[in-house]
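Good morning, and thank you for making the time. I would like to take you through one model, chain by chain.

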Amino acid sequence: MRPVQYNTKLKMVEAPEGMMGEGFMATSFEKVVGLARKNSIWPLPFATSCCGIEFMATMASHYDLARFGSERVGFSPRQCDLLMVMGTISKKMGPVLRQVYLQMAEPRWVLSVGACACSGGIFDTYSVLQGIDQIIPVDVYVPGCPPRPEAILDGFLKIQELVGQESLRRRNGEKYKELMVSYGIQ
Amino acid sequence: MPLNNEIIKQKLTDKFGDQLTDWQEPYCMLTFTAPKNLNLKVLQFLFDDPELKFRFLTDLQAVHYPDRKGEELVVVYHLHNLVDNIRIRFKVFTDIKTPDVYSATALYQSANFMERETYDFFGVNFTGHPNLIRILNVDEMDYFPMRKEFPLEDQTRTDKDDEMFGRS
């Protein structure tokens, strides 16, 4: 017998509600897609300062982001689903961040980690962008200066919730287009 | 006899007479002021003189004194003699309405970026600089942020989200 068969602690994601019978299961496509997406989010870390260090701890063995299906950190925006912005974004870096966001394929989500990324933080000054939501839309904000890894994980779980519940039509909707237009995208 | 502050001062006064003023030695570092049209001549002399040999420009920056009418901006040069390990500093004052100072780029390559930075933050116009554009701030910036008339925290700024700071 192979050792894997002795591993009884395997945890499976619960199946969505649906009609079940002998040899078939019927559920809505949306739920299946949501389930698949939310348990395999590929994050793209955009770390510029101390929040980035907290993120490293979050990724490492102790806090282990892989528990939530995100061990595969990508450094190519085209492959990734979630842009994690961690740290102070100066005005000069604003266009770079925006470019990275634009290069990501839909559907894409943004997690803003830490006081600086959310609002400029203590850097109430001429050179610092007062929150990344000035240039790109943000889905979840994680407060803290810097937030502890638990807080980052909590923000990540909030993102998972959003991803799992998102309607498949959302990104074709009028409201979403309006949001994009308000940021001057497309 | 090793080079010291007195010899440097003597050599400079022999060459430039009483045009150099305000001699000080804070923390044993010789400091003086030169008229702004003389800055390149002083730098060249300090560079070329076989004894002085100040051939390393450690730093170059500006200070804004809004209360000194007619000489609001001062450009400060920090020079280092690497042979005798002696540092000096000299200042050039200029009116903020005509902030033109000769560029030291022909003498020191390192002055290129430092003059760009000084231009970026204080608006000192270094005449003769090959590429005097902003280096650290965004290109669209239309003011010089380190001048004292611009407060660090501008409460009227439009991109400031007061709600985030509990002061709506």
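**Chain A: burial and fold**

Of the 186 residues of chain A, 31% count as buried, where buried means 20 or more other C-beta atoms within 10 Å of the residue's own, exposed means 12 or fewer, partly exposed lies in between, and C-beta atoms are placed from the backbone. Please keep in mind that this is a predicted model, in which local features need pLDDT of at least 70, side-chain atom pairs count only at pLDDT 80 or more, and totals for chains, interfaces and linings use all residues. Residues are numbered from 1 along each chain as its sequence is written, while chains are lettered from A and ligands numbered from 1 in the order in which they are written.

The secondary structure of chain A amounts to six helices and six strands; these are DSSP runs numbered from the N terminus, helices being H or I of at least four residues and strands E of at least two. Read from the N terminus, the order is β-β-α-β-α-β-α-β-α-β-α-α. Along the principal axes, the C-alpha atoms of chain A fill a box of roughly 65 × 40 × 25 Å.

Next, the nonpolar core. By this I mean a set of buried Ala, Val, Leu, Ile, Met, Phe, Trp, Tyr and Cys residues joined through C-beta atoms within 7 Å. The largest has 35 residues, and those touching the most other members are Leu82(A), Leu83(A), Met84(A), Val85(A), Leu111(A) and Val113(A). β4(A) gives the most to this core, with five residues. A second, separate core of 32 residues includes Tyr77(B), Ile86(B), Phe90(B) and Val101(B).

By contrast, consider helix α6 (residues 174-182) of chain A: among its nine residues, the count of buried ones is zero. Just after α6(A), Gly184(A) takes a positive phi of about 70 degrees.

**Chain B**

For the complex, the predictor gives an ipTM of 0.74 and a pTM of 0.82.

In a regular strand the side chains alternate between the two faces of the sheet. β2(B) runs antiparallel to β1 (residues 21-24) of chain B, with two bridges, and the two form a hairpin with five residues between them. In its turn, Tyr27(B) has a positive phi of about 50 degrees. β2(B) also runs parallel to β5 (residues 86-94) of chain B, through five bridges; there Ala34(B) has Val92(B) as its bridge partner.

Finally, is Tyr108(B) buried or exposed? Tyr108(B) lies in the loop between β6 (100-102) and α3 (111-122) of chain B, and is buried because 20 other C-beta atoms lie within 10 Å.

Key. Two strands pair if DSSP finds at least two bridges between them.
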